[in-house]
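Work through the exercises below with the sequence and the 3D view side by side. Each task is followed by its solution in steps.

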Amino acid sequence: MADGSEASPAPVGEDAMLSRPKLLSMSHVDKIFGRDVVALKDMNLDVRVGDFISLLGPSGCGKSTALRLISDLIHPTGGRIKWEVEKEPGSLSVVLQEPTLMPWATVEDNVFLPFRMQGKSKRSVISDIEEALALVGLEKFHGAYPRELSGGMKMRVSIARAMVTHPKLILMDEPFAALDEITRFKLNNDLLAMKEKIASTVIFVTHSVFESVFLSDRIVVMAARPGRVIEELTVTEPYPRTEDFRTSADYAAHCRRASDALKHAMELGQ
Amino acid sequence: MTAIEQDAPATADLAVDPEELARARRNRNEKIGQWVLPALVVIVTIFVWDRIVAVNELPHYILPGPGLVVEALIEDWGMLSDSLLVTLRITMGALFIAIVGGVGLAVLFTQSRWVEMSFFPYAVILQVTPIVAIAPLIFIYVDNRMVGLLICAWIVAFFPILSNTTLGLNSADHNLRDLFKVYGATRWQKLRYLQLPSALPYFLGGLRIAGGLSLIGAVVAEYVAGTGGNASGLAFRILEASYRLNIPRMFAALLLIALTGVIIFAILSLVSHLSLRKWHESALKRET
Ligand SMILES: Nc1ncnc2c1ncn2[C@@H]1O[C@H](COP(=O)(O)OP(=O)(O)O)[C@@H](O)[C@H]1O
Ligand SMILES: [Mg+2]
């Protein structure tokens with residue numbers, strides 16, 4: 001990669017990616033619903049610390065199922081999911097397609113939720129809450145109720161809630177799919193900035209090629225019927241990525257590769 | 001600058017959307033109408049009532065005029081207000097137990113499907129059996145008249161709270177449930193921070209119905225209980241007045257019962273509005 005020659009404090013590219021310590025591994029994971037709905041078949045994935053992984057694939061290919069398995073909401077029919085680092089309360093966060101805020105609670109109380117579940121008092125974590133709200137640019141709205149916010153702002157609150165505990169792993173299931181494109185681009189940019197700041201690992205589900213290329217360094221392409229991984233692509237462009245990346249030739253080339261992979265996945269899933 | 005200022009009123013006038021104006025007018029009219037129209041109906045009704053009695057020279061033991069009813073209300077105020085207090089005490093007591101019992105049972109039901117399956121049918125049976133059919137039994141087994149009345153009123157009132165709250169506790173958003181699970185919420189935390197708030201609007205809906213029902217329960221139970229001595233409520237006063245053909249007093253007592261019901265409903269509606277106005281759809285004002 002041309003960018004590899006650039007002077008940079010840390011090694012970049014595939015080598016750097018492989019040298020990171022493992023965070024979580026999925027080995028031969030199957031998930032069968034009922035008798036014969038094979039939502040996921042033989043999924044293998046090593047998540048490394050600092051990864052930004054996109055799960056890219058048509059609808060029904062088991063992306064959400066994979067996230068639900070990792071978040072322990074459902075259990076694999078076969079195979080194993082193993083945390084390679086210690087999993088403590090607050091190590092894992094999720095962001096769903098809907099902002100999923102509690103309508104009866106203020107923005108601040110919504111962001112407080114993960115800590116509340118740990119039995120912490122609001123006073124002891126108020127600075128973390130303020131920091132998370134500042135990170136998403138909503139520090140002025142701490143006392144607002146969700147209904148007073150726009151769709152994009154609600155999603156920001158949802159992201160602040162996911163980041164407030166500085167989790168080791170954040171799972172995001174098509175968080176921006178319901179937003180308009182301008183808001184989505186803005187949130188994409190901000191998300192990368194936030195991820196750098198809290199130095200977390202992200203698994204991001206999307207069915208947008210452009211989003212996956214812009215955000216991630218690893219794109220896991222999946223096909224449906226049965227849900228499975230068919231290919232993994234790497235995007236070696238170093239972070240921080242800016243708007244310039246969106247208009248670069250590299251970006252276009254990555255998008256073409258990812259598009260082809262997705263097209264292939266759709267054909268397989270027919 | 002001055003030119004613009006001079007122009008301002010004209011542009012401001014132009015800027016007002018005629019549709020917007022019409023809506024504002026409609027809203028205002030509706031608000032006034034909400035109070036004025038029912039008041040007008042009352043005034044007209046009382047007037048017609050008075051005329052009918054006067055023109056037909058109806059004797060007061062058949063239909064007393066409104067003036068006589070007011071007179072009875074004032075003359076018998078000592079007795080009627082005591083009875084009103086008794087009825088109110090039973091009503092409030094029954095409503096209170098209905099809230100505690102209804103919410104308590106609902107919470108128990110949502111903690112265990114087995115408990116719900118076992119007991120919900122009996123809650124329904126208790127609800128669908130007319131209270132007048134159960135009440136005589138209750139007064140046979142319960143010596144204390146006040147306790148008997150409370151039990152009757154409670155049976156009538158608790159079901160809407162139980163069924164609404166159960167529904168509300170189970171209607172918490174699925175994604176939020178998942179979120180609570182991911183964050184490792186305990187059963188208690190899930191109840192306290194997710195299910196109870198989700199159930200609040202449903203509970204308040206049930207509460208408004210239960211408020212009226214506990215008054216009905218209190219009145220019906222007293223009819224069934226019959227003779228009352230000095231601690232008798234308004235229902236007993238109506239019975240007693242009917243034996244003595246004291247029709248004005250019957251009307252006066254009836255008026256008090258109706259007023260009590262309206263006030264209970266108004267208070268509970270206000271409570272509901274105040275507790276939901278910050279976040280719930282039902283309490284939001286929307287342009288239509
Ligand atoms: N709880 C469930 N019960 C039965 N089938 C399910 C369930 N969840 C998902 N599925 C099925 O599993 C497959 C994968 O679903 P999902 O992971 O939601 O796909 P994606 O998120 O990629 O669109 C689909 O065919 C879906 O119908
Ligand atoms: Mg999905």
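**Exercise 1. The ligand shell**

Which element gives the most to the shell around ligand 1, and with how many residues?

Solution. Before starting, note that this is a predicted model, in which local features need pLDDT of at least 70 and side-chain atom pairs count only at pLDDT 80 or more, while totals for chains, interfaces and linings use all residues. Residues are numbered from 1 along each chain as its sequence is written, chains are lettered from A and ligands numbered from 1 in the order in which they are written, and side-chain values use heavy atoms, with hydrogens and water left out.

Step 1. List the shell, where a residue is near if one of its heavy atoms lies within 4 Å of the ligand. It consists of A:Phe33, A:Val37, A:Ala39, A:Ser59, A:Gly60, A:Cys61, A:Gly62, A:Lys63, A:Ser64 and A:Thr65.

Step 2. Assign elements, which are DSSP runs numbered from the N terminus: helices (H or I, at least four residues) and strands (E, at least two). Strand S2 (37-48) and helix H2 (63-70) of chain A each supply at least two shell residues. H2(A) gives the most, with three residues.

Step 3. Sort by class: Ala, Val, Leu, Ile, Met, Phe, Trp, Tyr, Cys and Pro count as nonpolar, Asp, Glu, Lys and Arg as charged, and the others, Gly among them, as polar. The shell then has four nonpolar, five polar and one charged residue.

**Exercise 2. Polar atoms at the ligand**

Find how far oxygen atoms of ligand 1 are from polar atoms of A:Gly60, A:Lys63 and A:Thr65.

Solution. Step 1. For polar backbone atoms, the distance to a ligand oxygen is 2.7 Å at A:Gly60 and 2.9 Å at A:Lys63.

Step 1. At A:Thr65 a polar side-chain atom is involved, 2.5 Å from a ligand oxygen.

Step 2. Ligand 1 taken alone exposes 560 Å², and the protein buries 57% of that (Shrake-Rupley method, 1.4 Å probe).

**Exercise 3. The interface of chains A and B**

Describe the contact between chain A and chain B, then locate its salt bridge.

Solution. Step 1. Taking contact as heavy atoms within 4.5 Å, 22 residues of chain A touch 20 residues of chain B.

Step 1. Buried area is the accessible area (1.4 Å probe) that two parts lose on being put together, summed over both. Here about 2000 Å² is buried, 70% of it from carbon and sulfur atoms. On the side of chain A, A:Trp104, A:Met117 and A:Arg147 lose the most area, together 35% of what that side buries.

Step 2. A salt bridge needs a side-chain nitrogen of Lys or Arg within 4 Å of a carboxyl oxygen of Asp or Glu. The rule finds one across this interface: A:Arg68 with B:Asp178, closest N and O atoms 2.8 Å apart.

**Exercise 4. A link within chain A**

Which parts of chain A does the salt bridge of A:Asp51 and A:Arg20 tie together?

Solution. Step 1. The two side chains meet at 2.5 Å, N to O.

Step 1. A:Asp51 lies in the loop between S2 and strand S3 (52-56), and A:Arg20 in the loop between helix H1 (13-19) and strand S1 (22-33), so the pair ties together parts 31 residues apart in sequence.

**Exercise 5. Backbone exceptions**

Solution. Step 1. The bond joining A:Arg225 and A:Pro226 has omega of about -5 degrees, and A:Pro226 lies in the loop between strand S8 (218-223) and strand S9 (228-234) of chain A.

Step 1. The bond from A:Tyr239 to A:Pro240 has omega near -5 degrees; A:Pro240 lies in the loop between S9 and helix H8 (243-246) of chain A.

Conventions. Polar contact = N/O pair within 3.5 Å; in protein donor to acceptor, adjacent residues only side chain to side chain.
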